[in-house]
Amino acid sequence: MGISELVNKYDENFWDFNGVRKEGLHKLGKYPATMVAPMQYELLSLIVSNNTGFKTLLDPFMGSGTSLVEGNNLGLEVFGVDINAYAVLLSEVKLNKYDELELLNMKQRVSDKISDNEYPYELHEFPNINKWFREDIIDSLSKIRRIIMEENNVWIRRFLWVCMSEVIYSHSNDRTSTFKLHIKKKEDIESIRDQCFKMFERSISSSYEYLEKNDEPSVTIFSGDSNEMLSELSSESIDIICTSPPYGDNATTVTYGQATILFLKWIDFKDLSGDEMLISNYSKIDSESLGGKLNENELPPIKSIESYINSLSESKKKKVVKFFSDYYKVIEQLVRVLSVGGYMLFTVGNRRVDGIIQPLDKITREMFLSMGLHEEKIFTRSILSKKMPSKISNVSNIGAVSSMSKETILIFKKEN
């Protein structure tokens with residue numbers, strides 16, 4: 001039975017996963033607009049059970065590592081790529097193997113040091129730290145930072161950085177109702193209760209039970225630009241490519257970099273992967289992500305892109321062209337590394353530019369077909385549980401634009 005027939009056996013509303021909550025490893029850390037893990041697992045299960053020889057999975061925009069975790073759960077060797085150092089950290093922590101006794105001993109050490117009022121530490125500094133954190137919060141986080149840095153095991157440290165990120169999320173002056181950095185009102189900043197130590201210990205206790213403690217997972221994670229990193233993979237070496245790509249350039253869609261930069265500013269960079277320059281300012285990650293670079297780009301030879309571009313104002317066209325130029329190059333690489341008989345599984349959403357819907361689903365489909373992939377199944381699902389502001393950026397003469405409420409799942413196969 002083909003994938004299309006298998007998907008059709010499910011009720012149409014099944015794929016909405018109404019009321020689903022994050023479970024297990026997916027509860028670790030804070031990351032915006034994550035994939036719905038049960039949906040990806042269900043789709044991957046259908047593909048793997050129908051193709052028992054499949055061994056490898058790739059997510060070229062892995063984010064918090066949802067598809068990697070689910071692929072690993074199905075026994076696949078997983079590969080991931082992301083330009084965001086925090087995404088790399090979070091995915092690595094979720095997929096590493098840990099010694100349970102080491103984790104228990106670490107918990108006691110951390111607790112003892114937090115309780116020690118004479119514990120020595122220095123106040124951490126970075127540009128604009130006082131804008132984003134109150135002085136007493138800086139003091140508490142600095143102590144936690146020192147405690148983490150004293151751990152000898154790099155994987156213990158990395159796990160603790162993820163736990164600390166949850167404390168930073170709830171104690172910063174950032175208005176977390178949006179993905180972009182926005183300062184809270186003065187009265188809201190003053191009302192923050194310093195519960196850094198209590199929350200840090202609670203995060204460790206609630207998170208460590210989910211960590212991998214069985215056989216060593218088979219995982220390879222690349223930190224950097226997808227176009228560059230994919231060149232490291234051999235042609236026709238990947239059986240399943242499962243991802244949810246950016247729906248546009250980060251700066252005007254989901255600012256993954258800004259949403260995580262305050263975490264990265266506190267983490268000791270020796271425990272991170274990638275280019276340290278990417279955290280040199282608050283928007284560098286987003287400006288270097290897909291479609292963000294300032295180099296000149298050509299419009300891909302896709303008819304639906306050309307007609308869409310012509311509907312936009314001149315001020316918006318350049319950014320959209322850059323995004324689709326980068327997007328097309330990545331898909332070319334993905335088709336190259338996909339094995340014959342392998343599957344491309346994309347979850348995409350149609351954003352708005354100038355108040356006009358950008359048909360990413362239609363454009364992605366046309367790209368896949370132009371590169372010789374066979375269409376297996378395309379269907380939509382309602383976005384019911386993904387954290388996303390109900391209103392996004394303002395558009396001239398229109399006002400605030402509603403965020404998307406639907407996603408499209410595209411399943412394609414490489415037949416030759």
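This is a predicted model: local features need pLDDT of at least 70, side-chain atom pairs count only at pLDDT 80 or more; totals for chains, interfaces and linings use all residues.
Let's start with a pair of strands: β5 (residues 338–348) and β11 (residues 406–413) run antiparallel and are joined by six bridges. Within β11, the residue opposite Phe346 is Leu410.

- β5 and β11 belong to an open sheet of seven strands, with mixed pairing and the order β3-β2-β1-β4-β5-β11-β8.
- The edges are held by β3 (219–223) and β8 (374–382); each has a single partner strand, so one side of each lacks a neighbour in the sheet.
- On average, and ignoring direction, neighbouring strands of this sheet are turned by 15 degrees against each other.
- Elsewhere in the order, strand β1 (residues 56–59) pairs with β2 in the parallel sense, over four bridges.
- If you want a landmark for that pairing, look at Leu58, whose bridge partner in β2 is Phe79.
- Strand β2 (residues 77–82) has five of its six residues buried, so the rest of the structure largely encloses it.

**Helices on the sheet**

- For orientation, β5 and β11 are the antiparallel pair with six bridges.
- α4 packs on the sheet and touches β2 and β3, with its direction at about 170 degrees to that of β3.
- Helix α16 (residues 360–370) also packs on the sheet, where it touches β5, β8 and β11; its direction makes about 5 degrees with that of β11.

**The α8 and α10 pair**

- Helix α8 (residues 154–171) packs with helix α10 (residues 196–207) at an angle of about 135 degrees, and their axes are 9 Å apart.
- That angle makes α8 oblique to α10.
- The crossing of α8 past α10 is right-handed.
- On the α8 side, the contact is made by Phe159, Leu160, Cys163, Met164, Glu166, Val167, Ser170 and His171.
- On the α10 side, Cys196, Met199, Phe200, Ser203, Ile204 and Ser207 take part.
- By residue class, the contact of α8 with α10 has nine nonpolar, four polar and one charged residue.

**A mostly covered helix**

- Helix α12 (residues 256–266) is mostly covered, with ten of its eleven residues buried.
- Among the buried residues of α12 are Tyr256, Phe263 and Trp266, along with Gln258 and Lys265.
- The buried residues of α12 pack against α4 (85–95), α6 (129–132), α7 (135–149), α8 and α13 (284–288).

Terms used
Residues are numbered from 1 along each chain as its sequence is written. Side-chain values use heavy atoms; hydrogens and water are left out. Axes are lines fitted to C-alpha atoms, for helices over the stretch in contact, and angles run from 0 to 180 degrees between N-to-C directions. Helices (H or I, at least four residues) and strands (E, at least two) are DSSP runs, numbered from the N terminus. Angles under 35 degrees count as roughly parallel, over 145 as roughly antiparallel, 65 to 115 as roughly perpendicular and the rest as oblique. A crossing is left-handed if the near helix is turned anticlockwise from the far one by less than a right angle, and right-handed if clockwise. Contact means heavy atoms within 4.5 Å. Ala, Val, Leu, Ile, Met, Phe, Trp, Tyr, Cys and Pro count as nonpolar, Asp, Glu, Lys and Arg as charged, and the others, Gly among them, as polar. Buried means under 20% relative accessible area, exposed over 50%, partly exposed in between (1.4 Å probe, protein chains only). Two strands pair if DSSP finds at least two bridges between them.
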